[in-house]
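Reader: Hi! Could you walk me through this one before I set anything up?
Author: Happy to, let's look at it together.

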Amino acid sequence: EVVNRKLLLRDHLLLQSCLKSIAMFIDRGDDHPANGLISENNGSFSYRLVDDEVEKKRLLSVRERHFKVDLILSPEQQ
């Protein structure tokens, strides 16, 4: 957040880490932009982790000044 022309860190989120075994799908070797963060119509970003099933995606958004990640299942899994 920018307050009085100063940048303030309000929250942080670890998306990738080789030390904690967190890998986004784009890390599988296909650098196509669709495998990274995808801008959604509602202002959030969707992404998948390597271990996620194909029917799942994660939505990253900022709510109340904090990062929020929601796991979205396909209609067949709900």
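Author: Let's start with Ser61, which is buried, with a relative accessible area of 14%. Buried here means under 20% relative accessible area, exposed means over 50%, and partly exposed is in between, using a 1.4 Å probe and protein chains only.

Reader: Thanks! Where does Ser61 lie?
Author: Ser61 lies in strand 5. Strands are DSSP runs of E with at least two residues, helices are runs of H or I with at least four residues, and both are numbered from the N terminus.

Reader: Before we go on, what kind of model is this?
Author: It's a predicted model, where local features need pLDDT of at least 70, side-chain atom pairs count only at pLDDT 80 or more, and totals for chains, interfaces and linings use all residues. Residues are numbered from 1 along each chain as its sequence is written, and side-chain values use heavy atoms, with hydrogens and water left out.

Reader: What does the chain average for pLDDT?
Author: The chain averages 84, where pLDDT is the predictor's confidence in each residue, from 0 to 100. At least 70 is reached by 94% of the residues.

Reader: And where is confidence lowest and highest?
Author: It is lowest in strand 1 (residues 2–3), with a mean of 84, and highest in strand 4 (residues 45–47), at 91.

Reader: Good to know. Back to Ser61: which side chain does the Ser61 side chain contact?
Author: That of Arg63, in a polar contact at 3.1 Å. A polar contact is a pair of N or O atoms within 3.5 Å; within protein, one must be able to donate a hydrogen and the other to accept it, and residues adjacent in sequence count only if both atoms are side-chain atoms.

Reader: Which residue forms a salt bridge with Arg63?
Author: Asp70 does, and the closest N and O atoms are 3.1 Å apart. The rule for a salt bridge is a side-chain nitrogen of Lys or Arg within 4 Å of a carboxyl oxygen of Asp or Glu. Arg63 is partly exposed at 38% relative accessible area, and Asp70 also counts as partly exposed, at 30%.

Reader: How many salt bridges does the count come to?
Author: The count comes to 3 by this rule. Another of them links Glu40 and Lys57, with the closest N and O atoms 3.7 Å apart. Glu40 lies in the loop between strand 3 and strand 4 and Lys57 in strand 5, so this pair ties together parts that are 17 residues apart in sequence.

Reader: Which residues make the nonpolar surface patch?
Author: Leu13, Val62, Phe67 and Val69 make it, at about 310 Å². Patches take residues with over 30% relative accessible area and no salt bridge, joining nonpolar side chains (Val, Leu, Ile, Met, Phe, Trp, Tyr) within 5 Å and like charges within 9 Å. The areas come from the Shrake-Rupley method with a 1.4 Å probe, and for residues only the protein chains shown count as cover. Phe67 lies in strand 6 and is partly exposed, at 35%.

Reader: Last one: what is the phi of Glu64?
Author: Glu64 has a positive phi of about 55 degrees, although it is not a glycine. Glu64 lies in the loop between strand 5 and strand 6 and counts as exposed at 74%.
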